[in-house]
Amino acid sequence: MTHAPLLAVEGLHMMFGGLVANRDISFSVGEGQIIGLIGPNGAGKTTLFNCLAGYYRPSAGTIRFNGVAVGGQTPEEAARRGIARTFQIVRIFPEMTVLENVMVGAMLRTKKVAAARAAAENELVFIGLDHRSDVKAAQLTVSEQKRLEVARALATHPRLILLDEVMAGLTPTEVREASQMVVRIRDRGISSIIVEHVMEGIMPISNRIIVLDAGVKIAEDAPAAIARNPAVIAAYLGE
Amino acid sequence: MTHLTMTMLAQTIVSGLMIGLIYALIAVGLTLIFGVMDIVNFAHGEFLMLGMYASFWGASLFFLDPLFTLPLTALMLFAVGVLVYRLVIRRILAAPMLSQIFATFGMMILLRGLAQFLWKPDHRTVPHALVEGKITLFGLQLGTPQLTASLGAVLVTGGLWWFLNRTRLGTALEATSIDREAATLMGINSERMFALAWGIGAACAGIAGALLSTYFPIFPEVGADFILVAFVVVVLGGFGSVAGAFWAGIIVGEVEVLGGFFVGPAYKNALVLSLFLLVLLFRPRGLMGKA
Amino acid sequence: MDRLTLVKRILGLAVLIVALGFPLIVTQPTMVNFAILILMAAQLGVAWNILGGYAGQVSLGHAVFYGIGAYTSSVLAAKFGLSPWLGMLAGGAIASGFALLIGWPCFRLKGHYFAMATLAIAAIVEVLVTNWDYVEGAIGIYLPMTNSGWAGMVFTRSKTPYFYIALGLLLLSLLVSRILQKSYIGYYFRAIKEDPDAARSLGINLARYKLVAIAASAFLTAMGGTLYAQKELFIDPGSVLAGSLSIKIALIAILGGVGTLFGPVVGALVLIAIEEFTRQIFGSTGMGTDMIIYGGIIVIIAMFSPGGIAGLLGEWERAWRARRKLVYTPPGDGI
């Protein structure tokens with residue numbers, strides 16, 4: 001690739017009071033790439049997501065999205081620019097139907113309700129939840145709710161999607177389906193960063209894996225190389 | 001400034017302190033309940049009202065002074081608090097915020113209505129209070145009931161602080177307030193702590209009612225006069241902070257009387273409420289609140 | 001359209017026709033007055049519901065908007081001879097402006113804090129108006145009765161015109177609610193109410209839509225205030241700015257069902273009926289029986305049916321539909 005990457009993070013610091021959650025993190029994500037983000041609990045993965053998605057203002061460092069500096073953006077600006085996210089603990093709109101949840105996402109790009117409905121229906125077909133359209137979101141199983149969150153995020157027409165542990169708690173079959181889903185998202189030209197503990201879910205599909213430990217990036221490499229990286233093995237054994 | 005206005009100002013400051021201590025006592029109960037379980041008790045003024053009526057009936061039926069019946073009033077209100085927790089609050093702990101607001105809010109209306117139904121909307125006063133009249137201290141005229149009430153309020157608030165910080169049960173309650181999950185892991189029964197918070201919270205309001213009953217008119221909606229001020233004190237002191245509520249109570253008492261003194265009595269409530277808004281907007285966690 | 005929807009449409013049409021013809025059939029002034037009270041209460045509940053029900057921002061200070069409406073049109077009528085119809089619009093505009101002014105800082109507050117802030121603001125305004133000589137302070141404003149007729153919105157012989165104005169205002173409020181509810185704004189309101197953080201992740205600017213909600217809600221509430229002033233021809237802080245009024249406005253919606261179109265109408269019907277009923281049985285409102293009953297009802301609704309009466313009806317409807325056609329529910333995914 002010759003042009004600038006879709007997302008470029010440089011020297012990102014995130015501090016809470018005296019506590020450093022992210023220290024000097026740099027990486028970039030190209031168009032149509034799948035990046036795995038792994039690390040022990042408390043490594044700062046979700047904090048990094050919150051910085052990228054505008055929920056936290058980084059203490060230092062720059063985030064460039066599509067060539068534009070977006071460090072101090074709000075979550076709603078991030079969404080408008082094309083950064084979508086899911087949440088580690090699902091945050092659906094429980095009293096709305098499945099379809100309505102996704103429609104709210106689609107309304108970022110069209111304020112017409114009928115158009116939003118059509119777009120939402122397409123996303124539900126894509127994610128395989130169309131048979132549950134009219135059910136209240138609260139009544140879905142947890143794995144369905146996670147998929148609903150992805151559909152809702154996709155409905156905002158992102159260029160980058162941040163997936164926070166969408167595979168946690170799934171059965172092996174479901175993990176395989178989820179991996180295929182991420183690949184199909186990639187095939188639509190949407191890049192993704194995936195925070196995940198389920199290695200078999202992301203190792204086969206990721207272009208690169210970034211490893212965080214205690215707020216610091218300790219490795220970034222192709223999946224196969226990461227599995228042999230001594231620093232990474234040490235970090236995981238030390239957990 | 002003439003000598004006369006100086007004396008009046010001193011008088012004003014002292015009366016602000018006296019009413020402020022009562023406000024503090026009302027607010028500590030409210031702040032305790034909020035701290036332990038994140039629920040704002042809109043019916044807190046009604047606990048105060050019940051305490052006042054308990055004192056009134058003790059005095060007019062059994063000729064017992066509110067100060068004598070005070071322990072009994074406290075016990076009764078403790079029971080009311082626990083009962084309210086058991087019957088209503090326990091069921092809405094996990095409910096949406098809207099339901100939580102309405103539950104205590106509905107209780108406020110219900111208790112006011114009950115008081116009106118049972119005891120008529122008339123303003124009443126306790127007959128033949130034990131402490132009456134005024135005494136002169138350092139050249140200042142102080143109402144004896146007011147002085148007694150504020151001293152009582154200091155004792156009870158201090159006692160509550162001691163209980164929360166120096167006793168086993170109290171520290172358990174405080175721990176629940178700081179981190180409910182951690183407290184549960186440490187083997188503290190949070191259900192019991194919630195009930196205890198409601199009991200103590202209501203008892204504090206009841207005691208404040210008993211202390212006020214010797215010099216304040218008693219009527220079913222009297223709680224309305226105090227609940228907003230109590231909110232101000234809780235917010236200013238920081239939700240959940242007993243020590244914060246103590247100091248905030250005094251500040252609010254002073255703002256009220258000094259506002260009355262300098263701006264005009266009509267605006268004293270508006271001043272207190274403006275203080276409330278300023279704190280809510282610029283320092284929502286208050287003087288000594290948890291982050 | 002299935003049968004239940006059809007039944008509901010027909011029922012709605014029937015209610016509207018009955019409402020339109022009501023003053024023609026029932027002519028006793030007390031009954032007409034009773035109906036006007038219900039319509040006015042319903043209109044306020046519907047207006048409150050836009051902010052408190054749909055957008056989920058519980059206001060316990062709505063009397064402030066009602067009072068602004070009543071005072072604006074009354075001052076303009078009494079001092080400048082302006083038509084209350086224009087006064088009504090002016091009151092709505094001022095109330096909306098004030099709503100935006102207080103909404104801007106207060107919407108940063110969450111849940112309980114927002115409710116308490118609105119309570120405080122309403123109390124402050126009540127104190128200020130009570131001490132404001134230009135608007136006659138605690139004495140209140142008497143409206144001129146000279147301009148009788150539709151132009152002056154003063155009707156001394158029969159109260160029936162007030163009935164139609166109240167009905168018109170209610171229909172207008174329902175229409176505004178309905179339009180908002182059906183548009184993307186309604187979806188955004190619900191999203192903000194259910195999970196503000198998730199809403200932000202979808203590009204929703206929380207402050208902007210909360211301000212839309214409070215401005216619309218305040219405008220309609222203020223219009224109700226003008227109608228009250230014209231009907232009573234006298235206002236004072238105690239009647240249009242009281243804290244108890246704020247509570248009552250919220251109650252109407254809560255009782256009927258927050259976040260539903262017709263919930264507040266049902267709530268008004270029940271609430272006013274309870275008030276009148278207890279007045280008949282016990283002679284006066286001073287007994288507190290009305291407060292016992294609706295206080296009790298609120299507690300019970302908060303505990304067992306947060307959706308209010310409309311919520312209960314909704315449950316029944318869903319149950320009925322579920323019985324009619326067994327909705328396909330696939331087996332759980334094993335989580």
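# A guided tour of chains A, B and C

Begin by selecting chains A and C together: 30 residues of chain A are in contact with 22 residues of chain C, two residues being in contact if their C-beta atoms, placed from the backbone, lie within 7 Å. On the chain A side, highlight helix 2 (75–81), helix 3 (98–106), helix 4 (113–127) and helix 5 (142–154), each of which supplies at least two residues touching chain C. Helices (H or I, at least four residues) and strands (E, at least two) are DSSP runs, numbered from the N terminus. Colouring this side of chain A by residue class gives 14 nonpolar, 7 polar and 9 charged residues. Here Ala, Val, Leu, Ile, Met, Phe, Trp, Tyr, Cys and Pro count as nonpolar, Asp, Glu, Lys and Arg as charged, and the others, Gly among them, as polar.

Two remarks on the model are needed before continuing. This is a predicted model, in which local features need pLDDT of at least 70 and side-chain atom pairs count only at pLDDT 80 or more, while totals for chains, interfaces and linings use all residues. Residues are numbered from 1 along each chain as its sequence is written, and chains are lettered from A and ligands numbered from 1 in the order in which they are written.

**From chain C to chain B**

Next, select chains B and C. Of the 2 pairs of chains that touch, this pair has the most contacts. The contact involves 34 residues of chain C and 39 residues of chain B. On the side of chain C that touches chain B, helix 5 (111–130), helix 11 (243–256) and helix 13 (289–304) of chain C each supply at least two residues. Helix 5 of chain C provides the largest share, 13 residues. This side of chain C divides into 25 nonpolar residues, 9 polar and no charged.

**Chain C by itself**

Along the principal axes, the C-alpha atoms of chain C fill a box of roughly 75 × 50 × 40 Å. Buried residues make up 52% of chain C, a residue being buried if 20 or more other C-beta atoms, placed from the backbone, lie within 10 Å of its own.

Then colour chain C by pLDDT, the predictor's confidence in each residue, from 0 to 100. The average for chain C is 87, and 95% of the residues score at least 70. Within chain C, select helix 9 (residues 206–232), where confidence is highest at a mean of 96, and helix 14 (residues 308–324), where it is lowest at 76. Over residues 328–335 of chain C, pLDDT stays under 50.

**Chain B by itself**

Read along the sequence, chain B follows the pattern α-α-α-α-β-β-α-α-α-α-α-α-α. The C-alpha atoms of chain B fill a box of roughly 60 × 45 × 35 Å, taken along the principal axes. Of the 291 residues in chain B, 53% are buried.

For the complex, the predictor gives an ipTM of 0.92 and a pTM of 0.86.

Notes:
A residue is buried if 20 or more other C-beta atoms lie within 10 Å of its own, exposed if 12 or fewer, and partly exposed in between; C-beta atoms are placed from the backbone.
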